[in-house]
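Subject: Structure handover

Hello,

Here is the structure I said I would pass on. My notes on it follow below.

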Amino acid sequence: MLKIRLIPCLDVRGGRVVKGVRFVDLRDAGDPTEQARLYDAAGADELCFLDIAASHEARDILLDAVGRTAEQCFMPLTVGGGVRTLDDIRRLLLAGADKVSINTEAVRRPEFVSEAAEKFGSQCITIAIDARRTPAGFGVYTHGGRNAAGLDAIAWAQRMAALGAGEILLTSMDRDGTKLGFDLELTRAIVDRVPIPVIASGGVGTLDHLVDGVRRGHAQAVLAASIFHFGEHTIAEAKSHMKAAGIAIREAAAP
Amino acid sequence: MPQVAIIDYGSGNLRSAAKAFQRALGGKGGVAVTAEAAALARATHIVLPGVGAFADCLRGVTALPGMVDALRREALEGGKPFLGICVGMQLLADRGLEHGDHAGLGWIAGEVRRLEPRDPTLKVPHMGWNEVATAAPHPLFEGLSSAHFYFVHSYHFVPKVAAEQLAAADYGGDIAAAVGRDNLVGTQFHPEKSQTAGLRLLANFLRWRP
């Protein structure tokens, strides 16, 4: 049976990790490739690089880091941040990314999603949705949660799936960075209404939150950053905790 | 020493596949990513990768001058170990029903259909790590009898001959995880993205003497 995916995420700026694991045995803790190698060895199910600056100059450094990661890590890698053109996607895929995550450009020009899916296949198109609670329900936000897009998050997720997205990376901007756990109502509302897989993101502070995201949020994958980066938990701990809670998950470091 | 030819017909990124084979070879052999039909004659092992849509991939392979003939000569008739990955595996079927009805290479009897898991909560694409069970021992899966591999696909190979389904995964019903006969094998999953299990499978492929 298909296993729930546990996905660590590295925030990268200028090709350097700004929020990453504080492992003592790293030669260069700011090198995304070094961190990727550790997560690969630890049995993470996938890895996500999020380029939070996404500036033009930083792009080549990121592409280089993606390339070096893909040469050493034989696991799926999603890269997001600043993906605006088909050429951006092509360059990331050629560098070694397996999936790209698109956010702002999909809001600005939804047909970009169908163009990308037709060109490269749905399997490599992840749509990142940053959502916040609004009086009317859940709204879509862009630019790191600052700008309201004026879209209903559920309808938007459905539209993205219809246009060819292969999966959705759903982040609660209300919970992101709070360590209060996923917004389970939001997660469930989207997961139960789209035909494609959903990665829950934003707010993980404990291992129980990972369990909740699957059990009560119905997510197919859970993403976390800080609980791994600051050495609070390892991938193996998270996986054995989820397994003990009855979640179907691949054991860390087992073939 | 093995010389692996990975066929490059513009289907996605072949860098990780090449690197995974290099790792599996451990320096004992070579890997060539190639678009040239003539390169297959020099190879000992042939790999057909593929991501995207069935018809696009098929068009990509047939657009390479002499490639389909070379594949037939070296693999189908010549008996060189052949591995198709994901859509590269699906192309071996008689026909593919993704966006129309397209004739495949017809090396392994069967057709490629849309995934329709019986359980409506199961999502399509089938994406992530799934446990793969072998139908009968096969050299490709030596030491990997119930390992997990990484899948990402919305269509699946339905073989006509039961014995040609080498391994299965459960996704709201049995789906073909690997098909094959004689010197031909294909995996629906991505060994090059399946960490240690994937590298082991590639090493098994390189050691295989069909």
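How many salt bridges does a search of the whole structure find over all chains? The search gives 31. Please keep in mind that this is a predicted model. Side chains of opposite charge can pair when their charged atoms come close. I went through some of these pairs one by one, and then looked at chain A as a whole.

Salt bridges

One of the pairs is made by B:Glu131 and A:Lys3, whose closest N and O atoms are 3.9 Å apart. B:Glu131 belongs to strand β8 (residues 126–131) of chain B, while A:Lys3 sits in the segment before β1 (5–13) of chain A, so this pair joins two chains. B:Glu131 counts as partly exposed, because its relative accessibility is 32%. A:Lys3, at 10% relative accessibility, counts as buried.

Another salt bridge is found within chain A, where the side chains of A:Glu46 and A:Lys99 meet at 3.1 Å, N to O. This pair links distant parts of the chain, 53 residues apart. A:Glu46 is in the loop between α1 (32–42) and β3 (47–51), and A:Lys99 is in strand β5 (residues 99–102). Are the two residues buried or exposed? A:Glu46 is buried, with a relative accessible area of 1%, and A:Lys99 is buried as well, at 2% relative accessibility. The cut-off for buried is under 20% relative accessible area.

A:Arg216 and A:Asp212 form a salt bridge too, with 3.8 Å between the closest N and O atoms. Here A:Arg216 is partly exposed, with a relative accessible area of 46%. A:Asp212 is also partly exposed, and its value is 22%.

There is also a network of salt bridges, which links A:Glu105, A:Arg108, A:Arg109, A:Glu111 and A:Glu115.

Chain A as a whole

Chain A has ten helices and eleven strands. Its C-alpha atoms fill a box of roughly 45 × 40 × 35 Å along the principal axes. For 255 residues, a compact globule would have a radius of gyration near 18 Å, and the 17 Å of chain A agrees with that. Buried residues make up 59% of the chain. Of the contacts in chain A with a separation of 6 or more, 65% are between residues 24 or more positions apart.

The accessible surface of chain A is about 9,800 Å², and carbon and sulfur atoms account for 50% of it. As for charge, chain A has 30 positive and 33 negative side chains, and the centres of the two sets lie 2 Å apart.

Two single residues

I also looked at one residue in each of two chains. A:Gly205 lies in the loop between β10 (198–201) and α8 (207–215) of chain A. A:Gly205 is buried, with a relative accessible area of 13%. Leaving out residues up to four places away in sequence, A:Gly205 touches A:Lys179, A:Ile227 and A:Glu232. The C-alpha atoms of A:Gly205 and A:Glu237 are separated by 14 Å, and the two residues are 32 residues apart along the chain.

In chain B, B:Gln165 is found in strand β12 (residues 165–170). B:Gln165 is buried, at a relative accessible area of 17%. With residues up to four places away in sequence not counted, B:Gln165 touches several others, among them B:Ala135, B:Pro159 and B:Asp174.

Regards

Note on methods
Residues are numbered from 1 along each chain as its sequence is written. Chains are lettered from A and ligands numbered from 1 in the order in which they are written. This is a predicted model: local features need pLDDT of at least 70, side-chain atom pairs count only at pLDDT 80 or more; totals for chains, interfaces and linings use all residues. Side-chain values use heavy atoms; hydrogens and water are left out. Helices (H or I, at least four residues) and strands (E, at least two) are DSSP runs, numbered from the N terminus. The radius of gyration is taken over C-alpha atoms; the globule rule is 2.2 Å times the number of residues to the power 0.38. Buried means under 20% relative accessible area, exposed over 50%, partly exposed in between (1.4 Å probe, protein chains only). Contact means heavy atoms within 4.5 Å. Accessible areas come from the Shrake-Rupley method with a 1.4 Å probe; for residues, only the protein chains shown count as cover. Lys and Arg count as positive and Asp and Glu as negative; His and the chain ends are not counted. The place of a charge is taken as NZ of Lys, CZ of Arg, CG of Asp or CD of Glu. A salt bridge is a side-chain nitrogen of Lys or Arg within 4 Å of a carboxyl oxygen of Asp or Glu.
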